[in-house]
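Dear colleague,

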Amino acid sequence: MSSPVVSSRESTTPPSSAWVRFLRSYGPTPNNLTLFDEFVTDALSKAKVQPIVLGSPMLDEIKKRVDSGIPGSILIAGTAGDGKTYHCRGLWMHLGGVDKDWTSKTPIKELKLSDGRVAVFVKDLSELNDEQSDKALTLLERSVGGEETEEFLVVAANHGQILERLRDIGKRQNRIHPLRKPIQDTFLQHGVAPEGLAIFDLSRTTRRESLSEVLHAVAGHPEWENCTRCELQAGGRVCPIYENRTRALGERDGGLFARRLGEIVEVSRLNGWHLPVRDLLALASNIILGHSNPKEAKEGLMACSDVAKIQEKGSIENASIYGNVFGSNLPTRRAMSRPVFRALASFGIGTETTNASDGLMVYGNDDPKLVQAFNRLLLSDPIYGATPGYLASLQRYLEGEETARVDNGAHEFLTRLIAQRYRFFFTTQDDERDYPYWMMTAFQFAGDYLEMVSALSENKPISEAIRARLVRGLNRVMTGLLIENNDKLFVASSGGFTQSRISVLCDTEVPARRTGGVGMRIKLDPIAERPALDVSLAAGEGNSASFLLSPVRFEFLCRVADGTLPGSFSNECLEDMLAFKAKLLRKAEVMRANRTSEDDEPSPDDGTLTLNFIEIETNGHGFSRPVTVRIGA
Amino acid sequence: MTQKIEGVDFAVDEHIWGHRLYDEQLPHLAVLEFLGVLGSNVEHPLRAGPNDRVRYRPQRQIRLRGLLFNNPYVESIREKAISDEDKWQQWSERFAMDAAQLGDGDIAYLRKIFNNFEDFAKAIELLRSSSFEAKSNKRWSSKFVFPFGPDALYEDLRIDADGVASNDRRFFARTGELLYLMLSRAKRGPELGDQLVRRLFDSTSSMNRLVKALQGSTQHAGDYRDVGYLPHVTHPRFDRLCDDWLAILSRNMPVYDALEHMIASAGLNLLLYFLECGKKQSGDAEPVEIICEIVSRERTKVRALSGESYQSNQALSVRAVRAKVESIKMTNEWLLAAQSQDPNGNCAELLRSWFQWPPADGVDDGDSANSTGDQLTKTLADKAESRHEQHFGKIHAAWSRAIGLSSRRLSRRTRYAPNDRLLKTLVVTMVDDRMQFDEFLSEMRLRYGFVIGDTEGIRLVNEKLVDQEALSENRGNLETRLVGLGLVRRLSDSCSFVENPFITEGDF
C-alpha cells in the first residue's frame, strides 16, 4: 500500500503512517459509521497493523453461559457503540463459526453447536422485518419458557428496539408480551431477568477503569515503536502526534493528565452519562491526532503526512492535547453529536476560570509577584504553554494595538487564553494552593465529591466540612431561609403546598448525624453505586427517605450552602429536592397518623396546639420556637 | 330540555353546558365552591343520582376572613416598641372600627387563645402566606384561605357599605356546584367522595384547628340552597375527571400538594368538557384537538400551528350556540307549528318551551307577536351569541391561561404552550409507575387531545400543514423539558421512560 508523499522534502514515508491512518479512522470524523465493527475488521486487514486490543469481560461471561449448556436464550443490549456486534461476533467465532458466514448479508444466521443445539444469531434486531422479528421473538419466548430446547436465540438490540418490538408483537397477538416487563425492569435495574433469559446490558459495564484501559491500549500500542525511527522527530524536531501520545501515556507528568481525565470522565459517568466504548476510542484518537486547523489537518485530525507542513508553519500548538480532549479541534456540531464531548463540555472547562488563574496567564509575565508562578506553570511548557506565539499575542493584547481595538480584535488572544485554561486543568498539581484545578470547572466541588465516594467505599468517615456543607445546603433548600445550621435538619412546611419556596413551620427536626436510629446518614447505595442521603424521622423500618447524590446534586447543595439561590443554579436539581421534601413531609404525615391510631386509649384533648416556627438569630443560626395556641375543647 | 332556569332572560348556553360555567370562576375557585357543597354532604358524598336534588348550606366564617384579609393593622402595630397589652389595645380599637358593622366587635376571645400579640401576628402571617391570591387587589371578601379542613371553607361574598353580606355570584358562580354534580354522576363518584372526605375534611389537622381557633364558632349562610343544573346524565369527561382525581389522591404526596394538582386537573377537564359539548352541539364528530408547542428558543412552524389550534377552539362555542338555536327548525314540532293555523304564535310557543323566550307576556323589544318563526329564531340566535360573548365565550381563554395551557410568551398571539406546572400535573396524574415516552404521548392524545409529536400529529403532516421534522423536534423538546423536571429517565438513545416520582418507594 502506498501513501501519498506530501512534502517534497520527505523522501520516505513516515514509518507509523499506516498505524496512524488506522487510528485516525476511530476518530470523530464526519462519517456516521453504523456498521463500525465491519468497517474496523476491513480497515485492519488493509492496514496490516496489529489491532487495538481491549479486554471484554462481558464476552467471557457470555461465552461461559453458552458453554455451560444452561437452557435459554441470550439478549445483548446496549446503545450504539457499546460493542454489541463485537460481542456477537466474538461469540460466533468462539462457538466455531466461520468469518465468511458472519459477513454474509442474511440478518438471521444459524450455527450448529458441538452439543447439538442450534444457536440462532440476530446481530441487529432493527435489521429484521416484522415477519422475521416475530419469528425470532417467538423462538425467544419458547426457549426462555423451556418449551424449546434444541434451538435458542442470541440477539443484539438497543434497549428501545427490543421493548418496542415486544410491544408490537404483543399488539399483533392481542396480549401483553410476558417478557416485556421483566426485560424493562432489568434494564432499569428494578428487577432480575427470568431464568431462561441471560441479559447482558453492555451500557452497564463501563467503569472508571474503562477510560484508562482504552487510553493505554491506544497510547501504549506497540506500533508506536516505529516512531523512534522517524525523520520527523530527528534533530530535535517535535512531532505533535508523538508528543500528544507521550503526554497521554503520562511518562513525563507522572500520569497526571490521565488521572485528571479519568476524574472528569468518572464524574460524568456518575452524573448518568453513558459513554460507550466507541466514544472512548474516538476520544483517545482525537486526543492524539486532533489539530484545530482543518487546512492543515483534514477534518481536524492529523495524519503523518500532515506533520511536516505543520512543523514548517509553526502551528504545532494548534494540536494541543488539552484542547483535543474537549473536541475544540472539531466544528461544534460534529463534536456535540458525540455523547463523550457533550459530557465533557458540561464541565465548562475553558470558559470557567478564576480571577487568579486568568490574572496569572495575562499579567504573570510582567508582574514580579507572579513571574515565578508564570515560569513554573506556563513557560515551563514550550510546546503547548507560553509558546512564542502565545507571548507575542499576549503582547499585542496588552499593548492595545490597533488591531486589538477593532471588533473581535482581541479574539485571537482570547482563543489562546481558553487553550491555556484547558491546559491548566490538566497540569496544575494536586496541592497547587493558589490555583485549585476544580475551580477551573463548573463543578467546583467535584473534588470533594470524589473524596466522599472513595471514603464511603472504604467505609471511612467522610470529612466534617463536607457533611456540614451538605446539611447547610439541605436546610436552605428545605426552608427557603438563609440559615446556617449544620447540626440539625429542619423538615419544614408552610402549612399549605409543600412546593412553596419559603417554609417557616418546622414539621420535624432531626439531627444531622444519625443517632439512635434518627437523623441523616450518608451511605453508598449498592444498586445505584452512588452516595445517598438517608434521612430517618424515627427509629425503625420504613421511617426514612433516601436522596441519591449525583455530582450535579452534590454541587447544587454545596453552592446553595455557600449562598447561591437554589433557583438560579439548576431548576432540575431544585425540583428533585422539592420532590424529596414532599416525600419526607408525607412520611411525617403518615407517622403522625399511625402514632395517634396506635394509642391504647385516646388521650384527652388538652385543647392546645403547638406550632413550631423557624426563627433565625443574627448569626444565622436557626432554631424552632414553639407557639402555643389554646384551642379549647 | 325542559328544565327551567330561574333568573335568566333566555336559556341557550345553559342547555348545552349547564347552569353554569363562568369565566371569572377560575379552577381554584370552582374547587373551593365544590368543597363547600361537599361540606354539606359529608354523610353521603358524591352519591346524588341525576334526578336527585342536591342542596347545601355554605359557611361564611366572616370573623376568620376579616382577621386575615381585612386587617391591615397587625404588621404596623407588631413593629411598635410598646407593651404587649398596649399592642392588643391599639389593634383591637382599629380593628373594631371596621368590624363593628359585622357585629364582630368582640374579639376578646383572641386574647385567650394567644399568649401574646406576637404569636397572634405570626399565626395571621402564616395563614396569609398560604392563601390564594392574597396579594391581589380583589375585594377582601373574595380572598380565600387554604382549604386545610372543614373549618377553612366559606363562600365568596359581597359585603356592602352597611355590612350586609350576600353571594353575588361573582366568583362563586355555580361552576363548583356543577363540578359536584359531574363527579356525582361519574361511575366511581362515591369512591372519590369517601376519599375526599377522609383526607380533606379532617378537623383534627393542626392547621384546621388553628383556623377554627381564629374563627370561633362556625358562621353559616342563612339557609340551604339548591345547586345549579347539569344537562348531561353521563359524559365520558365526568369519568375522566373522577379517575384523574382518584389517581392523584393515590400518590405518595401530602394531601395539600395533591390539591394543587387536582385543581389543575379540574381546570383541564372542565375546559375539555366545555369544548367537547360545543363541538357536539355543532355536529362536529371529531375529537377535540389541542396542538401544543413546547416552547424553545427558535421559532418553529409548530408555534403557528398551535396558535391556529387555539383560535379554532376559541371559535367553537359561539358556533354551538347558534347551532343550538337553529336546531329547533329541524324538528317535527316546528314543521307542524309552521304549517298550523297560527304559525307565528305556535312557533313562538315552541321556542318558549325550549329556550324560555320570547317571554309569554310578549313585552320585549320589537313586535314579537308579528314576527315569523324564522325571524324569531334569528333574533334569539343573535341575542344568545351576544350574551355568550360576555362570559361563556371567555371561558376558553380564561381557563386555559389559568391552568398554564395557553401563553403569549415570545409570540404576538396566544397559543397552546403548556408550562412546567401543567406538565408535572399530567405526569403525576397519568403515570402509575413508569411509562415509555411514546406511550405517554399517545395517552396524552387519547385523554386530553394533546398533539405534540409526529406520531400523534400524522394528520397534520399528511395535510402538509407542518413537516414531520418540526413535530419530531417538538417531541424532543418535551423530552428534554421533562428530563429537566426530573420526570424522565433516558435509558439510551431513543429509549426513555417517564417516571412518577411520587410512586416509587425508596430512592429517587
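Predicted model: local features only at pLDDT ≥ 70, side-chain atom pairs only at ≥ 80, totals over all residues.

Residues are numbered from 1 along each chain as its sequence is written, chains are lettered from A and ligands numbered from 1 in the order in which they are written, and side-chain values use heavy atoms, with hydrogens and water left out.

I begin with the interface. Chain B contributes 48 residues and chain A 50 residues to the contact (contact means heavy atoms within 4.5 Å). About 4,400 Å² is buried between the two chains, 54% of it from carbon and sulfur atoms; buried area is the accessible area, with a 1.4 Å probe, that two parts lose on being put together, summed over both. The interface of chain B and chain A holds 5 salt bridges (a side-chain nitrogen of Lys or Arg within 4 Å of a carboxyl oxygen of Asp or Glu). In one of these, E575(A) pairs with K424(B) at 2.7 Å, N to O.

Within chain A, D430(A) and R260(A) form one, with their closest N and O atoms 2.7 Å apart. This pair connects distant parts of the chain, 170 residues apart: D430(A) is in the loop between α21 (411-427) and α22 (446-457), and R260(A) is in helix α11 (residues 256-270).

Helices (H or I, at least four residues) and strands (E, at least two) are DSSP runs, numbered from the N terminus. Axes are lines fitted to C-alpha atoms, for helices over the stretch in contact, and angles run from 0 to 180 degrees between N-to-C directions. Angles under 35 degrees count as roughly parallel, over 145 as roughly antiparallel, 65 to 115 as roughly perpendicular and the rest as oblique.

The axes of α7(A) (residues 159-172) and α8(A) (residues 180-187) come within 10 Å and cross at roughly 165°, which means that α7(A) is roughly antiparallel to α8(A). Their crossing is left-handed (the near helix is turned anticlockwise from the far one by less than a right angle; clockwise is right-handed). By class, the contact of α7(A) with α8(A) has 5 nonpolar, 2 polar and 2 charged residues; Ala, Val, Leu, Ile, Met, Phe, Trp, Tyr, Cys and Pro count as nonpolar, Asp, Glu, Lys and Arg as charged, and the others, Gly among them, as polar.

Helix α6(A) (residues 130-145) packs against α7(A) at about 95°, with the axes 10 Å apart, so α6(A) and α7(A) are roughly perpendicular to each other. Among the residues in contact are D130(A) and L137(A) of α6(A), and I162(A) and R165(A) of α7(A). This contact divides into 4 nonpolar, 2 polar and 4 charged residues.

The peptide bond from H19(B) to R20(B) is cis, with omega near -10°, and R20(B) is in the loop between α1 (13-16) and α2 (27-39). The bond from W357(B) to P358(B) is also cis, with omega near 0°; P358(B) lies in the loop between α16 (343-355) and α17 (373-390). R169(B), not a glycine, has a positive phi of about 55° and lies in the loop between β3 (165-166) and α8 (175-184) of chain B.

With kind regards
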